Amino acid sequence: MKSHLHLLLIEDSENDQTLILYNIIQAGYNVSAKRIESSQELETALKEETWDFIISDYQLPEFNGLEALHILKNTGLDIPFVFVSGVADEKIALQAMKEGAQDYLFKDNLNRLPIIIERELRDAEMRRTQLENEQALIESERQFRSLVENSLYGFFIFQDGKIVFANKKYIEMVGYTSLEEVLALTPEQIIETVHPNYRETIVNNMARRLQGESVPGQYEFAVYDKQQKLHWAEISAVLSEFHGKPAIEVIVVDITERKTKDEKLREQANLLDQ
């Protein structure tokens, strides 16, 4: 047996149901199937049970397969939907595919049905895996942002010559009021915030780090905030990846108060020496 297949069959003919199930079972599937014939039954079935696959005739006495397909799409469920129809019309088949059906099979060609089922089940599993990975990434980013936003230290991400992310603490440290202001800074404006004595070192370290070279990850330098007030900062920088591209993650600690105290202590020590 290949696997268990929970099949929803939208079909008004018991004979056609028998032929469809025969071809699927012959291919090695263990099938549990439910046959329905109306839109109300379809809506109930989608609400009450979980389905692996849906096979629908194109034309039924009470409604048609396109209506069934639209009902499925409106639920947001990702269930492979294939037409198995006696209406051998290529224009109708093309329209069904455009509307979102995975395939359109004529009833005189049921030997292809197991191949289509295997293919679409595989593709559906790939989509589920991708969706789970995307959701896990979103949750990871949410936790990361929460951690960073509540940090006592400044944090920003530098990429392509610009700051592409910054937390509230860093925005406050550089004297701005919003993230948008910081993200709008040009590469030239960013460099101008660094004291002239340190600009060359900072630029070289950033460029070498982005190239993967080994450079000091922690150092001190003087910077100007938006109001041109001078601060001392201690940074820790690491090469990382942001949205699939190389970036530098930087933790910033404002050490102006410590530097001021150290300078006073040195002045006092010099007075004592004198």
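Ser56 stands opposite Phe83 in strand 4. Strand 3 and strand 4 (residues 81-85) run parallel and are joined by three bridges. From strand 3 the chain crosses through helix 3 (residues 65-75) to strand 4, and this β-α-β crossover is right-handed. The model is predicted.

**Parallel strands**

- Strand 3 also pairs with strand 1 (residues 4-10), in the parallel sense and over four bridges.
- Within this pairing, Leu8 stands opposite Ile54 in strand 3.
- In a regular strand, side chains alternate between the two faces of the sheet.
- In strand 3 (residues 53-56), Phe53 and Ile55 point one way, while Ile54 and Ser56 point the other way.
- Phe53, Ile54, Ile55 and Ser56 are all buried, where buried means a relative accessible area under 20%.

- An open sheet is formed by five strands in the order 7-6-10-9-8, with antiparallel pairing.
- The edges are taken by strand 7 (162-166) and strand 8 (218-224); each has a single partner strand, so one side of each is left without a neighbour in the sheet.
- On average, neighbouring strands of this sheet are turned by 35° against each other, direction ignored.
- Strand 6 pairs with strand 10 (residues 245-254) in the antiparallel sense, and the pairing has five bridges.
- Phe158 stands opposite Ile248 in strand 10.
- Strand 8 and strand 9 (residues 230-242) run antiparallel and are joined by seven bridges.
- Across from Val223 is His231 in strand 9.
- Strand 8 and strand 9 form a hairpin with five residues between the strands.

**Positive phi in loops**

- Most residues other than glycine have a negative phi.
- Gln228 is not a glycine, yet has a positive phi of about 65°.
- Gln228 is found in the loop between strand 8 and strand 9, which is the hairpin described above.
- The relative accessibility of Gln228 is 57%, so Gln228 counts as exposed.
- Asp160, also a residue other than glycine, has a positive phi near 55°.
- The loop that holds Asp160 runs between strand 6 and strand 7.
- Asp160 counts as exposed because its relative accessibility is 56%, and the cut-off for exposed is over 50%.

**Surface and loop positions**

- Leu152, Tyr153 and Ile251 form a nonpolar patch on the surface. Together the three residues have about 340 Å² of accessible area.
- Leu152 lies in the loop between helix 5 (113-149) and strand 6 (154-159).
- With a relative accessible area of 71%, Leu152 is exposed.
- Ala184 is in the loop between helix 7 (179-183) and helix 8 (187-192).
- Ala184 has 52% relative accessibility and therefore counts as exposed.
- Ala184 and Lys162 are 22 residues apart along the chain, and their C-alpha atoms are separated by 8.4 Å.

Terms used: Residues are numbered from 1 along each chain as its sequence is written. This is a predicted model: local features need pLDDT of at least 70, side-chain atom pairs count only at pLDDT 80 or more; totals for chains, interfaces and linings use all residues. Side-chain values use heavy atoms; hydrogens and water are left out. Patches are made of residues with over 30% relative accessible area and no salt bridge: like charges are joined within 9 Å, nonpolar side chains (Val, Leu, Ile, Met, Phe, Trp, Tyr) within 5 Å. Accessible areas come from the Shrake-Rupley method with a 1.4 Å probe; for residues, only the protein chains shown count as cover. A salt bridge is a side-chain nitrogen of Lys or Arg within 4 Å of a carboxyl oxygen of Asp or Glu. Helices (H or I, at least four residues) and strands (E, at least two) are DSSP runs, numbered from the N terminus. Buried means under 20% relative accessible area, exposed over 50%, partly exposed in between (1.4 Å probe, protein chains only). Two strands pair if DSSP finds at least two bridges between them. A crossover is right-handed if, with the strands pointing away from the viewer, the path from the first strand over the helix to the second runs clockwise. Axes are lines fitted to C-alpha atoms, for helices over the stretch in contact, and angles run from 0 to 180 degrees between N-to-C directions.
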